[in-house]
Amino acid sequence: MAQQLPCVSAARPLLAVPAGRVLGPWRGGAPGRANAAGSAGRGVRATAGATARPVSSVAVVDEEDEEEAEVEERYALGGACKVLAGMPAPLGATALDGGVNFAVYSAGASAASLCLFTPDDLEEETVTEEVPLDPLLNRTGNVWHVFIEGKQVHAMLYGYRFDGIYAPERGQYYDAENVVVDPYAKAVVSRGQYGVPGPDGDCWPQMAGVVPLPHSTFNWQGDLPLKYHQKDTVIYEMHLRGFTKHDSSKTKHPGTYIGAVSKLDYLKELGVNCVELMPCHEFNELEYFSSSSKMNFWGYSTINFFSPMARYSSSGKTGHDAINEFKVFVREAHKRGIEVIMDVVFNHTAEGNEKGPILSFRGIDNSTYYMLAPKGEFYNYSGCGNTFNCNHPVVREFILDCLRYWVTEMHVDGFRFDLASIMTRACSLWDPVNVYGGPVGGDMTTTGTPLVRPPLVDMISNDPILGGVKLIAEAWDAGGLYQVGQFPHWNIWSEWNGKYRDTVRQFIKGTDGFAGAFAECLCGSPQLYQTGGRKPWHSVNFVCAHDGFTLADLVTYNNKYNSSNGEDNRDGENHNLSWNCGEEGEFASLSVRRLRKRQMRNFFVCLMVSQGVPMFYMGDEYGHTKGGNNNTYCHDHYINYFRWDKKEEQSSDLYRFCRLMTKFRKDCESLGLEDFPTSEQLHWHGHQPGKPDWSEGSRFVAFSMKDETKGEIYVAFNTSHLPVVVRLPERPGFRWEPVVDTGKAAPYDFLTNDLPDRAVCINQFSHFLNSNVYPMLSYSSIILVLHPDV
């Protein structure tokens, strides 16, 4: 709905200008200059002084007539819209009664103008009309603002032109030739079709924000947040385009929000109740295309944080379509009991370093939005050329506004913060005196210093609107800061537990010295979280994620194979802790392939019986392979697509196993505890009950757990190359019955009640069970449940 501006009855009209001052076509303070990145940073072809239509000009007012000066009215869009002074809040383009208020922060600009486009003119890179902003009337503090009164403005697109000092050595990149995107734009329009360059092969055509409509037409159908307790969630990390883009998905709109909606029932069947979407903010998939054939497939290079990725829309025409289709995805996910978490990248942007394009933040106020050294160099804690200046007062308010928007307007349930440790670093204290070596009074925190109570994390943690929203930190960055278990948390933040991943990989592949650490992982990593007052569910447990090997590749390759990325196999992680089970590559002997199947199941069992929040990556449930490439950020093809044909193959018995393991976890109260397990709930065992082996050479860990629904469960992992017969805990009047045994072939790896030969399978082991023992193959895991002995 259209809003009413607070504390003002009507938008302020533009007054007559002071003596000798003309309001009219663009007045650039300094000549426009090409961006260092060449074509990526150039402005639109038409400026206000050329073919763009300016607003009606205003006559010069002589000093003797100033006292009699009357309100000078201005109009835009051929007289259809009235130009008024507007208000400085809220930032962005806001639909109000009778028109749209535009407000943008820029402290260093000497001049600014609002640029309006029709969709056709945007394709031609021509400004339809330019509205200059007067520093006296259209500026409050460091916010430039204007109100455009009239219905016609809602059909337009918009951007801003700023002029001022262009001095990269001083951290300033004002360039009057560029029309930049409003950081608060709710949708961005540029190219219409994913992966297709603009005219003349342009990979960076002019972009513009969508002017909001006066009324929202979307029907949420009563949608409300699901508000699952985090201990009860099972997270599925997925790439929205990759989920349905493969031909085998057989969706009407592959690779889109609507295409993903058609497959939500599959996720419900899998047992997932939370999806973590890889970046869906506006980014340029052709970011690298002008210099190579690579695509920015993953999307970790944001252009605009408020805008859903426009080319994930099935129509691909307007930004409004992307907004509505993203809302449809969230609404339909909620209907199926699935929460939606967004992967957000508030650590850097697509503008890169000093050679990058001027798209938005850099051309608006570079020294505010980026972490800079005294002579204008960009800090690079992200590894991507620049670092978002997260703890600057303006920037942290921007981030908070963005998160609130996605929660209140788009109904998302939480956020995973990419390279979240950057959000704990001190912002750059931009002081020109430092350039010349002059003294600076008072204590200064060095730029980038990790803060104990970072203001941004504090604000997010205590924000009333974000209360109850799931907050997950990737608690490290590319600058060497590693905070797993130590991220400032306010007892709210969870973390991607990278230490869980590394320990589990080591133990499952049979590395000595990890039995004790593995046991801690099974308990929710109390050594990381208990002392700080957090709980097991503050640990997001994972074995594989989007970056690194897939689950299938983890047991197939000792080495990475990233040559197709075009970086001579230098990119990607070298320290993978993988094991190929004896032979390198997919084509291996039968015995090796059988072992790999066991190992994949062992990893999944571990994930589902560990305290904390399990997360697995799209495709791992059927054994998706990327051919040993552990950094597939740049491939828009089958290597990154979910293979629905592979999932449907009879040989994909792994999917059945994963689905049943996910259900087993949900059925067991003891596998999602509110707090860390106690000695009354959990008992450790070795080959003999009650005698765990924590020695350096131990490759066996077992535990029994009291459970309100199952009575008691027994779980064991044998990661030795030798089989073993384990003695089970004595429970008079009861007997142990197998449910899971990864050493058996499917479907006997998971015995369901409806399995036709279930009784026969159990009888085959009755002589062991009657003796209260159970045989385990090498590299296998088992789950047994206690039943009355009748």
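**Strand 10 and its partners**

Guide: Strand 6 (residues 111-117) pairs with strand 10 in the antiparallel sense, over 7 bridges. Keep in mind that this model is predicted.

Visitor: Which residue stands opposite Leu157 of strand 10?
Guide: Strand 6 covers residues 111-117 and runs antiparallel to strand 10. Strand 10 itself spans residues 157-163. The residue opposite Leu157 is Phe117.

Visitor: Which residue of strand 13 stands opposite Tyr160?
Guide: Strand 13 takes in residues 179-180. Strand 13 is antiparallel to strand 10, with 2 bridges between them. Opposite Tyr160 stands Val180.

Visitor: How many residues of strand 10 are buried?
Guide: Side chains in a regular strand alternate between the two faces of the sheet. On one side of strand 10, Leu157, Gly159, Arg161 and Asp163 are buried. On the other, Tyr158, Tyr160 and Phe162 are buried. The count for strand 10 is 7 of 7.

Visitor: What percentage of the protein's residues are buried?
Guide: Buried here means under 20% relative accessible area. The protein has 790 residues, and the buried share is 60%.

Visitor: How many strands does the protein have?
Guide: Strand 10 is one of them. The secondary structure also includes 17 helices. The strands number 32.

Technical notes
Residues are numbered from 1 along each chain as its sequence is written. This is a predicted model: local features need pLDDT of at least 70, side-chain atom pairs count only at pLDDT 80 or more; totals for chains, interfaces and linings use all residues. Side-chain values use heavy atoms; hydrogens and water are left out. Helices (H or I, at least four residues) and strands (E, at least two) are DSSP runs, numbered from the N terminus. Buried means under 20% relative accessible area, exposed over 50%, partly exposed in between (1.4 Å probe, protein chains only). Two strands pair if DSSP finds at least two bridges between them.
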